[in-house]
Amino acid sequence: MKFLSKTSVFHKLESEVRGYCRRFDAVFTTANGSIIRDIDGREYIDFLAACGALNYGHNDPDMAAALVTHITANGIAAGLDLFSAVKAEFLDRFNGLILEPRGLDYRVQFTGPTGTNAVEAAMKLSRKVTGRTNIVAFTNSFHGVSMGALAATGNRHHRMGMLLPGVSRAPYEGYFGPGLDTVGYLDQLLSDPSSGIDLPAAILLETVQGEGGLNVASRSWIQRMAALAKAHGALLIIDDVQAGCGRTGKFFSFEEMEIVPDLVVLSKSISGFGLPMAIVLVKPEFDLWEPAEHNGTFRGNSHAFVTSRVALEKFWCDSRFSRRIADRASIVTTYLRHISNLVPEAGLKGRGMLQGISMGSGDLADKICRLCFKKGLMIETAGAHDEVIKIMAPLTTPVNLLKKGLEILQEATSEVMRRSQPATIDPIHPKGEEGGSLRVPESIPANAAEPGGPLRITASVD
Ligand code: PMP
């Protein structure tokens with residue numbers, strides 16, 4: 001097929017609802033690792049990673065090889081919820097490499113293949129288990145845009161049309177600043193039979209609010225929230241769609257918090273390869289579904305089971321991958337600290353490899369992201385006003401490429417800030433005559449986080 005012109009076919013035929021392509025205006029063709037290429041052969045460092053669906057990068061060769069072998073051997077593709085050899089292998093590895101070593105005992109529910117499908121299944125199950133309707137969800141949360149999950153999503157931009165009832169909003173940690181104890185606040189509401197908030201079937205939360213601006217809940221807040229759910233007879237659902245699968249450092253984002261959620265929702269990177277797949281982990285005592293009570297045609301994406309099994313074997317057979325993630329996360333923090341010096345309003349957000357920087361305004365963040373793209377870096381924004389630039393580099397990004405990407409972000413921030421500064425009159429040359437200087441924010445040396453020398457663009461394996 002020949003494109004009419006570079007993007008006119010999309011402008012002519014694709015719905016106005018398209019989003020990411022408005023900022024990243026190119027036609028993409030191939031990708032591997034942390035590099036994505038467009039139709040003109042331009043390469044971009046990918047800090048978007050399909051919004052967290054590509055934690056292991058594009059086209060991992062081992063997953064690709066296993067998938068090709070499966071397909072060429074006429075392996076099952078669409079499997080409904082039939083038993084299949086590849087599903088058995090996935091379940092076996094998931095149990096052996098993820099659940100058992102962490103002392104977790106969960107049943108795995110396969111849902112329709114998107115995050116929002118799995119969130120809806122978890123909400124529905126918690127309602128069935130408790131006989132209650134209400135779900136507590138938090139300010140700035142994002143749980144998907146299908147009607148059930150949308151009721152729990154906070155952002156008004158998505159919450160249009162008729163919304164389903166049955167969700168009460170509670171403030172996330174720090175929402176009112178450090179002075180208000182938001183767990184105590186919710187406890188008070190749930191303890192008071194006259195508060196107007198019905199006892200919930202579940203408390204649904206993200207440990208790091210990925211779309212909501214990389215707000216991080218502390219360990220103690222999560223622990224207290226888990227205890228609160230228990231005390232009020234509600235299930236605790238952790239939505240690990242974005243923060244899970246290694247994104248925040250360990251396989252699950254709640255691992256170091258010493259809690260065991262009643263239900264856990266996983267999607268995005270669970271297939272490892274960017275293929276659609278979603279699951280709900282259910283404590284056995286809450287697995288009260290009747291056969292086929294909740295269903296969906298695409299619960300058996302066998303291609304995803306193949307790549308997911310390889311991802312688990314390749315990355316999660318020991319703790320080395322988590323250590324590599326931690327190393328990369330500290331590089332990101334170092335760069336972000338420097339970048340934050342360039343912007344008066346800036347603040348660091350997130351944790352692990354789900355970090356970012358609040359630029360204080362959506363307009364500024366947008367300008368920086370657009371300039372990054374021109375310079376060969378794909379990076380997106382999050383937050384109520386899209387004011388947070390979010391770094392979602394694949395967790396496998398080679399260190400030099402990670403630094404290169406962060407360096408582009410730094411350059412772009414510096415350039416946008418310089419352009420947006422009103423010319424300050426130099427007191428020595430007040431009319432701006434020759435020799436006068438504009439004061440601009442100071443930039444940091446490109447290799448600030450790498451005292452050893454200049455950055456190379458070529459990827460190295462480490
Ligand atoms: N939950 C969280 C935490 C998410 O980040 C997302 C997607 N950004 C979803 C649910 C919805 O996933 P999907 O887009 O696959 O429906």
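Does A49 count as buried or exposed, and how many C-beta neighbours does A49 have inside 10 Å?

Modeller: This is a predicted model. A49 counts as buried, because it has 28 C-beta neighbours inside 10 Å and the cut-off for a buried residue is 20 or more. A49 is found in helix 3. Its backbone has a positive phi of about 45°, although A49 is not a glycine. Most residues other than glycine have a negative phi.

L80 also has a positive phi, about 45°, and is not a glycine. L80 sits in the loop between helix 4 and helix 5. L80 is partly exposed, with 14 other C-beta atoms within 10 Å.

The domain assignment of the protein gives domain 1 as 2-60 + 322-434 and domain 2 as 75-315. The C-alpha centres of domain 1 and domain 2 lie 28 Å apart. In the contact there are 26 residues from domain 1 and 24 residues from domain 2. Helix 3 (49-52) supplies at least two residues of the side of domain 1 that touches domain 2. Helix 11 (320-340), strand 13 (347-351), strand 14 (354-358) and strand 17 (388-391) each supply at least two residues as well. By class, that side of domain 1 has 13 nonpolar, nine polar and four charged residues.

Helix 5 (residues 85-99) has 15 residues. From its first C-alpha to its last, helix 5 reaches 20 Å, close to the 21 Å expected at 1.5 Å a residue. The buried residues in helix 5 include V86, K87, F90 and F94. They lie on the same side of helix 5, because they cover an arc of only 100° around the axis. An α-helix has 3.6 residues a turn, so residues three or four places apart point the same way. The buried residues of helix 5 pack against helix 4 (61-72), strand 4 (107-110) and helix 10 (302-315). On the face of helix 5 turned away from its buried side are the exposed residues A88 and D92.

Two further residues can be set beside these. T30 lies in strand 1 (residues 28-32). T30 counts as partly exposed, with 13 C-beta neighbours inside 10 Å. T30 and E43 are 13 residues apart in sequence, and their C-alpha atoms are 9.5 Å apart in space.

F254 is found in the loop between strand 10 (235-239) and strand 11 (263-266). F254 counts as buried, with 24 C-beta neighbours inside 10 Å. Leaving aside its neighbours within four places in sequence, F254 is in contact with T207, I222, I238, I259 and P261. The C-alpha atoms of F254 and R219 are separated by 8.4 Å, and these two residues are 35 residues apart along the chain.

Key
Residues are numbered from 1 along each chain as its sequence is written. This is a predicted model: local features need pLDDT of at least 70, side-chain atom pairs count only at pLDDT 80 or more; totals for chains, interfaces and linings use all residues. Helices (H or I, at least four residues) and strands (E, at least two) are DSSP runs, numbered from the N terminus. The expected span of a helix is 1.5 Å times one less than its number of residues. A residue is buried if 20 or more other C-beta atoms lie within 10 Å of its own, exposed if 12 or fewer, and partly exposed in between; C-beta atoms are placed from the backbone. The arc is that of the directions from the helix axis to the C-beta atoms. Two residues are in contact if their C-beta atoms, placed from the backbone, lie within 7 Å. Domain bounds come from an automatic or database domain assignment. Ala, Val, Leu, Ile, Met, Phe, Trp, Tyr, Cys and Pro count as nonpolar, Asp, Glu, Lys and Arg as charged, and the others, Gly among them, as polar.
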